[in-house]
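Reader: I would like to learn how to read helices and salt bridges in a model. Please show me.

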Amino acid sequence: MAFHLFIQPQTVLTLKNLTPALPQHTQPSNIVPSTPHRSSHVRHGVSSRTTNSTDPLLARRSADYHPNIWDYEFVESLASEYNYKNEICTGRAEKLKENVSCMFDGASGLPYSLKLIDTIQRLGLDYHFHDEIKSAIEKIYINCKDYKSDLTIEALKFRLFRQHGYEISQGVLKSFVEEANANRGGVKDFEGLLSLYEASFYAYKGEEILNEARKVTSKHLKNCLKERNDNRSRMSIFLEKVISHSLGLPLLCRVPRMEVRQHINMYEMKQDINATLLEFAKLDFNMVQATYHEDLKYVSRWDINKVNNLPHYMKICFFALYNTVNETGYENLRNNINLDVMPYLKKSVRYTCLCISTLWGNICKAFLVEATWYYSGYIPTLEEYTNNAWISVGGPLLSIHAYCQLGDHENITKEALEHMNKNQSDLIRWSSMIFRFANDLATSKNELERGDAATSVQCYMHETGVSESVAREYMQHLISASWEKINTSLPSSQRVFSSSFINTVQNVARMGQYTYQFGDGHGIPNREAKDRIMSIIVKPIRV
């Protein structure tokens, strides 16, 4: 279910087209052996049943995970009137899309263009306007790169340039940071501070101006909220909500589809809303949600014991691996599976299968390392832990499967597959580490009480002798440092991977921070996590 939130809406719409027709639903067997160690982020799905075995190495330990609320009957009950078969909805959506497209042609001035792009992105409509946004950003970069404006626009320009892969120096914000730092008590430009705060998270490794900007703006914005009664006459309710939301988790770290729902709710409070954008955002959100319903129903009918129910590219890989040294078996594969469905796999099926099998092998080896540490009572150093944990969390494996599902199949390259196969991608490594650190911060206490293997928090405490609070603060620092490394790696990543794949890998990190922001939102689906998922998957927005 969470995979839908990693990818763009237009990609979700292709899920059924990439998988074979399924038979009538048969209740799948969901009892799988539980692991004695900390493995990937999917470990919460294992059964907590115990075994009668007297061998302690074979006994299953209960983790007391909460039962899954997403049972088959609940998923099958999901329904929406905003589906793509509703001609009234689709017709209205097309009309609104045309109206929004015209806004790019009628854009007057740099501030309007930048704010239009930012609003469209936050409302989740940007996937409709890739070409228009790309053209607008490029035009601004060429003609208005050195255009000077106020703090709000300069910081927004910086963030959008970095987000879309254009070079821009942190130096353009230096004077604004110095001014904010000097004006300690009388800062009144709340919108500008917020814009600079959000821009600071797009820092590359070692960019001290942006690190200082984050500290200064964070302090000022927190003070603004503390003094909200005095500032309310100068700060709109909309701005107050956005500031509070950003201090909880900055824009860079938010899951895009979850951000859409939250921003639509806040945007309605804005005084100068664009009614066309708001209506289109609501309607589009509901139509994408209706697609989620259909895809969830579809995958809920899979029988995991039947290979024929796998997505087509995985079926190819399964049979190719099963018959690795058997040429006759490979010929049977070609005869029994329609390789024309996936032309890129027809060209390089053996190498693609090799990469996927290597990454499956890597994650199994990482699980074994963790199991060995657990049974021997060994607490690794933080470096030993992280070198293994970024693989065991499942990021590299998820990435290669996502790569086979996303984008233009003709553009899948051997260079990209080699980057994943040889663990050469900083983008994947540090995104995976963010997921692991966020997971550890939320679950380490409960896992320690259960007697699980040490998390990064315990490893650092054991290695350095610091307190738990200091160790947890250090993990937060490592999350920030990992985002800087992701930002720094983007130019090189963009030469190898498509933008849709890069966004998907970044969303792995974002999903980790969202899932574990208020505790263990996976193993113990608390109110915040449950409400968030319900707002995205189940509850439509009133249009």
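This is a predicted model: local features need pLDDT of at least 70, side-chain atom pairs count only at pLDDT 80 or more; totals for chains, interfaces and linings use all residues.

Reader: What span should helix α13 have?

Author: Helices are DSSP runs (H or I, at least four residues), numbered from the N terminus. The expected span is 1.5 Å times one less than the number of residues. For the 26 residues of α13 (residues 275–300) that gives 38 Å, and the end C-alpha atoms are 38 Å apart, which agrees.

Reader: How many residues of α13 are buried?

Author: Buried means under 20% relative accessible area, exposed over 50%, and partly exposed in between (1.4 Å probe, protein chains only). In α13, 21 of the 26 residues are buried, so the helix is largely enclosed by the rest of the structure.

Reader: Which residue forms a salt bridge with Lys 282?

Author: A salt bridge puts a side-chain nitrogen of Lys or Arg within 4 Å of a carboxyl oxygen of Asp or Glu. The partner of Lys 282 is Glu 268, with the closest N and O atoms 2.5 Å apart. Glu 268 sits in the loop between α12 (256–267) and α13, whereas Lys 282 is in helix α13. Lys 282 counts as buried at 10% relative accessibility; Glu 268, at 40%, counts as partly exposed.

Key: Residues are numbered from 1 along each chain as its sequence is written. Side-chain values use heavy atoms; hydrogens and water are left out. Helices (H or I, at least four residues) and strands (E, at least two) are DSSP runs, numbered from the N terminus.
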